[in-house]
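Please look first at the sequence and the structure shown here, and keep both at hand while reading. The report then moves from the chain as a whole to single residues.

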Amino acid sequence: PRQKSANAGLPGEWLALFGSNAREAGLANASVALGGAGSAYANPAGLAEGKLGEANFMMAPLFSGGQYNAVSLSHPLAPKRYLGITLLSLSSGEAEQTDALGQTRGSFKSQNVAFLLSFGERLTSNFNFGFSVKAIKQSIADYSASSFGLDLGFQMPAQEGFGFGFD
């Protein structure tokens with residue numbers, strides 16, 4: 001496994017720390033078995049649990065002027081098939097930039113953005129499948145990096161109050 005730096009996190013780690021809606025946040029992001037538009041973030045198979053189109057919006061102010069925003073939309077393509085679009089952003093407030101001698105050299109901000117295009121389908125009455133294509137951009141001061149990813153998810157919807165998901 002990758003080792004965490006003593007004074008910083010891993011690139012993209014913020015995607016695992018925040019949920020896409022208040023429901024996920026209230027469950028401490030233990031949400032791979034949930035359904036609806038916000039589920040594309042944790043498990044795209046959950047999109048198939050939607051009834052109609054759905055929209056989720058979340059804004060969380062953070063310390064020192066930072067902010068986390070999430071917008072998730074889902075729309076039925078056909079019975080039992082859903083398309084999802086999710087936009088996530090995490091920004092910091094202004095931070096003082098210093099050189100090796102501790103002299104102030106101005107200020108900087110950090111900005112993280114992720115875009116997910118997702119698909120979920122109910123294959124049987126007890127099994128959902130889904131996938132997301134992710135585009136991620138992270139920037140801090142004058143440096144930035146971008147990446148892409150693919151997320152596969154499987155889900156057994158709740159039967160008598162118990163559901164199971166794997167992402």
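This is a predicted model: local features need pLDDT of at least 70, side-chain atom pairs count only at pLDDT 80 or more; totals for chains, interfaces and linings use all residues.

**The chain as a whole**

Of the 167 residues of the chain, 34% count as buried, while the chain exposes about 10,100 Å², of which carbon and sulfur atoms supply 61%.

**A hairpin of two strands**

Strand β4, which covers residues 95-98, pairs with strand β5, which covers residues 104-108, and the two run in the antiparallel sense over three bridges. On the side of β5, Ser107 is the bridge partner of Glu96. Five residues lie between the strands of this hairpin, in which Gly102 takes a positive phi near 85°.

**Salt bridges**

The structure holds four salt bridges, and the table lists some of them, with the distance between nitrogen and oxygen in each pair.

| Pair | N to O distance |
|---|---|
| Arg122 and Glu49 | 2.1 Å |
| Arg81 and Glu121 | 3.0 Å |
| Arg105 and Asp99 | 2.6 Å |

In the salt bridge between Arg122 and Glu49, the closest N and O atoms are 2.1 Å apart. Because Arg122 lies in strand β6 (residues 110-124) and Glu49 in the loop between α3 (39-42) and β1 (54-61), this pair ties together parts that are 73 residues apart in sequence. Arg122 counts as partly exposed, since its relative accessibility is 21%, and Glu49 also counts as partly exposed, at 22% relative accessibility.

Arg81 forms a salt bridge with Glu121, and here the closest N and O atoms are 3.0 Å apart. This pair, too, links distant parts of the chain, for Arg81 belongs to strand β3 (residues 81-91) and Glu121 to strand β6, 40 residues apart.

**Two residues with a positive phi**

Most residues other than glycine have a negative phi, and it is against this background that the next two residues deserve a look. Ser64 has a positive phi of about 55° although it is not a glycine; its place is in the loop between β1 and β2 (67-78), and at 58% relative accessibility Ser64 counts as exposed. In Ala141, again a residue other than glycine, phi is positive and near 55°. The place of Ala141 is in the loop between β7 (127-140) and β8 (143-159), and with a relative accessible area of 38% Ala141 is partly exposed.

Note on methods: Residues are numbered from 1 along each chain as its sequence is written. Side-chain values use heavy atoms; hydrogens and water are left out. Two strands pair if DSSP finds at least two bridges between them. Helices (H or I, at least four residues) and strands (E, at least two) are DSSP runs, numbered from the N terminus. A salt bridge is a side-chain nitrogen of Lys or Arg within 4 Å of a carboxyl oxygen of Asp or Glu. Buried means under 20% relative accessible area, exposed over 50%, partly exposed in between (1.4 Å probe, protein chains only). Accessible areas come from the Shrake-Rupley method with a 1.4 Å probe; for residues, only the protein chains shown count as cover.
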